[in-house]
Amino acid sequence: MLKDITLGQYYPVDSVIHRLDPRVKLFGTLIYIICLFVSDHVAGFALMTALLAGVIFLSKVPFSYMVRGLKAILLLLVIAGAFNLFLTPGEAAFTLWKISVTRQGIRSALLMIFRMVYLIIGTSIMTLTTTPNQLTDGLEKSLSVLNYIHVPVHEIAMMMSIALRFIPILIEETDKIMKAQMARGADFEKRGLINKAKAMVPLLVPLFVSAFRRANDLALAMEARCYHGGEGRTKMKPLHYRRVDGVAYLLILLALVASIVVAVLF
Amino acid sequence: MGIIEAKDLVHEYYRRDEEGNVESIETAVDHVDLSVQPGQFISILGHNGSGKSTLAKHINALLLPTEGTLLVDGKDTSVAANELSIRRNAGMVFQNPDNQIIASVVEEDVGFGPENIGVPTEEIWQRVEKALKSVGMWEYRTHSPNRLSGGQKQRVAIAGVMAMEPKCIILDEPTAMLDPDGRKEVIKTAHELNKKKGVTIILITHYMEEVVDSDYVYVMEKGAVVMQGSPREIFSQVDALKKYRLDVPQVTLLADELRKAGMNIPAGILTREELLEALCR
Amino acid sequence: MSLILDHVSYTYSIGSGYEVKALNDVNLKINDGEFIGIIGHTGSGKSTLVQHLNGLIQATSGSIYYNGADIYDKDYDRKELRTQVGMVFQYPEHQLFETTVFEDVKYGPKNQGLDDKKATLRAYEALRKVKFPEENYDASPFELSGGQKRRAAIAGVIAMKPAVLILDEPTAGLDPKGRDEILGLIKEMHDKSGITIILVSHSMEDVANYVERIIVMEKGAPLFDGTPREVFANYKKLEEIGLAAPQVTYLMHDLQKKGYPVDPQVTTVEEARQEILRVLGKK
């Protein structure tokens, strides 16, 4: 169950998308999200689907990998979908028992589900094709202007990259502790909110303790390897734009324009 | 002069209560003298709580002496300005393989140290290649550390240190969390680096069979060095080793028992072949 | 009273494209009161195997019977099974969570539905069995030394009074002193209370000194199953799969090759000493 979370899981293959500058991918993802919210028509869906399919194809990451991230939000999707379906006022399409479903409800539920699903798939393309280090390098570089107003950009980026590195380890650890407590008779499927919360204590306390221990060890290991903040640091993989990145920027802007045009026309 | 020179080294941990008053003082390192020559392979034996890890952290300037001095490559660790150059010259590998790998890709992790000390990009790549090849992990350079075995992760950690081109590497119980295959892998790698690259190695462990091929062995107990000498000198004192609850290898133990039973077997048997030869004479 | 595995197989990540067959048609009978060592290197399926025994992992195919009852039967109480077949995981101290050691040990018995008084008694008994120092009963489990944490965690499982106790690498990360103490403790529990013990380990020498029966796992199935002497007789084959017999076993084989009439099936230092003195002592 926990292993389904795809966040921070880099998929190591060599593809055009993998080789793009992370700043391009960050910018692209941002534009992609804007496009998603601009599109509210079948034509917009079609355009986004085509774009997404193209990028997935280029990335060489198996489609099943991206869909896996959806399992985690399935419940959220169902609930949010139901809310939209039943609670949107408007012209009734059909009536289920006493609740009537409106045309507008169907439309907004579909739109919501479409946006959520595409959002997850789109952002997971970014994390699947970019190593956490590249991602944080990209963020650090893109946000470096903030340094002037004393935002510790390097530190934040380092924190993020470490967090991403440890997510899979902590997930595995959660699994282990859960099993160990189940072997001591713990029941994680108790009913009722308070009972559920109580049952989580034997899982969460050891998890926190372990996370702190790891943090301590890691800080020591980083210090031992001469880490002393961002000052005077060089980069193994410095970010340089290449021609393909320029092309990608152009394509991203084109996609934005196209989706705005589609949204205005239809 | 040696590459590491400890003189009368003392380290005390202060335990404080909630108001910050000193509750108790624990002497983790108790007047230790240590001298390591460049190119040597040194082992420090002792069980948990014997002070061997505290001592190790001094060599990397992660801890500073309460009393006495420690010179690494001629530089005093207690001088703050020496900190970075000491850490570069005396790299450190820790026990838990997961908690010392920083990046999510093997090569990026090996590049982390050189990045910190400001090595130019092109040279970082050369160093990463050299370091990964020296531990036999070059084929895994684009892998995620999470998919590697414990022994492989430790080799990546060693490469991460090698990439800083240190004169000396301190391995602080690098095999304690590994299976037998992983343990052999790591010890073999350490010996190879020592022989082929001339790196000084300080191996801290509680497994006696890992120190057989060292040049010199220190045994620690309650913060103090209680035995020191060549492996053969150490292994010939089976009773003392048992007293310190160390894990005497089966053949050494057997040879000692047989000698006590009146058989003519020399002291300090290290390997199966030696015992066989002694028995067949 | 026994545990029987009947054609048990287990496959990881079915349908994801990279399926791993962790257990491959395992047939096994574990009798009451046995002291068993399960050996194999990382990835041989030994940990997966023992997690089947208390129902934490469910087999992809095959059946498991505990005391004659099929544990996969839909009416079978698997929560009860988990208290009957106790399991101490690798690095068990990582599961400690209560404010005091004593409260932590009571967690298992309380989950079994015992009242506070009975759980308290169980905790006392368990902590005494693992020789946990009494002055630390009320200490926070996070302030203890490594060896003591391990004891507290083991007490947390035996407080449930399991009939079978499985320990997965109980000595991992401990120094020789701590290791001998924990293994000695386990042996004592087996000898005194007669519970079945299953010890998962990758150290041949540890296991040879304590257990009565060794099961060697390789590629998801038992490769050898017998007394330490029987199993170590296959030392050549063991070496091929990356496991080694105890050093003394090798020595005895070497001596035999040199023409000395020694019994090569020796697994401990004491046995080797007697055997060498018997044959060579007169020299």
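The largest nonpolar core holds 100 residues, of which A159(B), I170(B), L171(B), I201(B), I202(B) and L254(B) touch the most other members. A nonpolar core is here a set of buried Ala, Val, Leu, Ile, Met, Phe, Trp, Tyr and Cys residues joined through C-beta atoms within 7 Å. A residue is buried if 20 or more other C-beta atoms lie within 10 Å of its own, exposed if 12 or fewer, and partly exposed in between, with C-beta atoms placed from the backbone. Helix α5 (residues 150-162) of chain B supplies the largest share of this core, six residues. Helices (H or I, at least four residues) and strands (E, at least two) are DSSP runs, numbered from the N terminus. The contacts of A159(B) include V110(B), A131(B), L132(B), V135(B) and M137(B), with residues up to four places away in sequence not counted. Two residues are in contact if their C-beta atoms, placed from the backbone, lie within 7 Å. Another core lies apart from the largest one. This other core has 73 residues, among them I38(C), A208(C), I214(C) and Y235(C).

The model is predicted: local features need pLDDT of at least 70, side-chain atom pairs count only at pLDDT 80 or more, and totals for chains, interfaces and linings use all residues. Residues are numbered from 1 along each chain as its sequence is written, while chains are lettered from A and ligands numbered from 1 in the order in which they are written.

Chain B also carries an open sheet of four strands. The strand order is β2-β1-β4-β5, with antiparallel pairing. Two strands pair if DSSP finds at least two bridges between them. The edges are β2 (22-36) and β5 (75-76) of chain B. Each has a single partner strand, so one side of each is left without a neighbour in the sheet. Strand β1 (residues 4-16) of chain B pairs with β2(B) over 10 bridges, in the antiparallel sense. Within β2(B), V36(B) stands opposite I4(B). On to strand β4 (residues 67-72) of chain B, β1(B) is joined by five bridges, again antiparallel. Here T69(B) in β4(B) faces K7(B). Two bridges link β4(B) and β5(B), which run antiparallel. D76(B) in β5(B) stands opposite L71(B). The strands β4(B) and β5(B) form a hairpin with two residues between them. In its turn, D73(B) has a positive phi of about 50°.

The contact between chains B and C takes 27 residues from chain B and 28 residues from chain C. On the chain B side, the elements giving two or more residues are α6 (180-197), α9 (250-260) and α10 (272-280). The largest share, six residues, comes from α9(B). By type, this side of chain B divides into 15 nonpolar, six polar and six charged residues. Ala, Val, Leu, Ile, Met, Phe, Trp, Tyr, Cys and Pro count as nonpolar, Asp, Glu, Lys and Arg as charged, and the others, Gly among them, as polar.

The contact between chains A and B draws 28 residues from chain A and 34 residues from chain B. On the chain A side, α7 (132-142), α8 (153-183) and α9 (193-224) give two or more residues. The most, eight residues, come from α9(A). This side of chain A comprises 16 nonpolar, five polar and seven charged residues.

Chain A has 10 helices and two strands. Its pattern along the sequence is α-α-α-α-α-β-β-α-α-α-α-α. The chain is divided into domain 1 (1-130 + 237-266) and domain 2 (131-233), with bounds from an automatic or database domain assignment. The C-alpha centres of these two domains lie 27 Å apart. Along the principal axes, the C-alpha atoms of chain A fill a box of roughly 65 × 60 × 40 Å. Of its 266 residues, 28% count as buried. Among contacts in chain A between residues at least 6 apart in sequence, 76% join residues at least 24 apart.

Chain C comes to 11 helices and 10 strands. Its C-alpha atoms fill a box of roughly 65 × 50 × 35 Å, taken along the principal axes. For 283 residues, a compact globule would have a radius of gyration near 19 Å; chain C has 21 Å, which agrees. The radius of gyration is taken over C-alpha atoms, and the globule rule is 2.2 Å times the number of residues to the power 0.38. In chain C, 46% of the 283 residues count as buried. Of the chain C contacts between residues at least 6 apart in sequence, 61% join residues at least 24 apart.
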